[in-house]
Amino acid sequence: MNALSRPFVELYRFRELLALLVGRDLKVRYKRSVLGMFWSLLNPLLQMVVYTLVFSTIMKVGVPQFPVFLLSGLLPWTLISVSSIASAHALLNNQGLIRKVAVPQAVYPIAVVGSKLVDLLLSLVPLALLAALMGRVPGPSWLMLLPALAFATAFTAGLSLLFSSLMVFFRDTRHLIDILFQVWFYLTPVIYPASYLEKLPYPAVRRALELNPAAPIVRCFQSAIYDGRVPDPRTLLLAAGWAALSLGAGLAIFERVQDRHIHYF
């Protein structure tokens, strides 16, 4: 077993614990809630109503069937942002277990990503119904959600590993992450089409925004769901590349420093 494959083999070895932690996160989140798991479906719909009111009705973005366009980008963005922010606390919240139980520390941030992925999968149901009601009936292009989900999950897992480790050493990370994702959201074509960025009059700004790693991943979802077509090869390659880079870098850094975490709890 080489250094590259070892983290994956260890995560697979502890897959039952991983599933248990994902289930625990979902139960804790909806404990004593009247609507329970239904909030997984309701939350993105409520966000869609608010954003549609602001950007389609008041600001007149001018995108046909804006609720479908918005949700197709908002769901993967929520997976990336909410998972990264929540998993930043995963090691600190489980420091008692980490001290006592010899399991790979990576299971804690990865479990957070897993629970948010469940939310995303559940949210695809109302999105499919909404798309059908608005004349964009789900078709074969929706099969491209499989690689899109893999890219989004791998990209998010890399960020989550990185931020959870950084948080152990630098507690200020929590505040910086919040600001980072607020700015990142508006730089990513979630509430406006990617074509808006291509019309910017500043070439340097356009080139800088093209380096946004979340953009091609979000575009994969928008192409499959809203446009009803297979994402173009360039978008797929960029999404796959950023996902591999994020996961590889996140795992490498996490593996390198995880033995030092316990000294900073």
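What share of the contacts in the protein with a separation of 6 or more comes from residues 24 or more positions apart? Such residues account for 77% of those contacts, where contact means heavy atoms within 4.5 Å.

## About the model

This is a predicted model, in which local features need pLDDT of at least 70 and side-chain atom pairs count only at pLDDT 80 or more, while totals for chains, interfaces and linings use all residues. Residues are numbered from 1 along each chain as its sequence is written, and side-chain values use heavy atoms, with hydrogens and water left out.

## The whole protein

The protein has 13 helices and 0 strands; helices (H or I, at least four residues) and strands (E, at least two) are DSSP runs, numbered from the N terminus.

The C-alpha atoms fill a box of roughly 55 × 50 × 35 Å along the principal axes. Of the 265 residues, 47% are buried, a label for those under 20% relative accessible area, with exposed over 50% and partly exposed in between (1.4 Å probe, protein chains only).

Two packed helices are described by the angle between their axes and the distance between the axes. Axes are lines fitted to C-alpha atoms, for helices over the stretch in contact, and angles run from 0 to 180 degrees between N-to-C directions.

Helix α7 (residues 107-133) and helix α8 (residues 145-169) cross at roughly 150°, and their axes come within 9 Å. The two are therefore roughly antiparallel, the word for angles over 145 degrees; under 35 is roughly parallel, 65 to 115 roughly perpendicular and the rest oblique. Residues of α7 in this contact include Val113, Leu117 and Leu121, and among their partners in α8 are Leu149, Thr153 and Leu161. The contact has 11 nonpolar, 4 polar and no charged residues. Here Ala, Val, Leu, Ile, Met, Phe, Trp, Tyr, Cys and Pro count as nonpolar, Asp, Glu, Lys and Arg as charged, and the others, Gly among them, as polar.

## Where α2 meets α7

Helix α2 (residues 15-30) packs with α7 at an angle of about 60°, with the axes 8 Å apart. These helices are therefore oblique to each other. Leu18, Asp25 and Arg29 are among the α2 residues involved, and α7 contributes residues including Tyr108, Gly114 and Lys116.

## A residue in α13

Arg260 lies in helix α13 (residues 233-261). Is Arg260 buried or partly exposed? At 43% relative accessibility, Arg260 counts as partly exposed.
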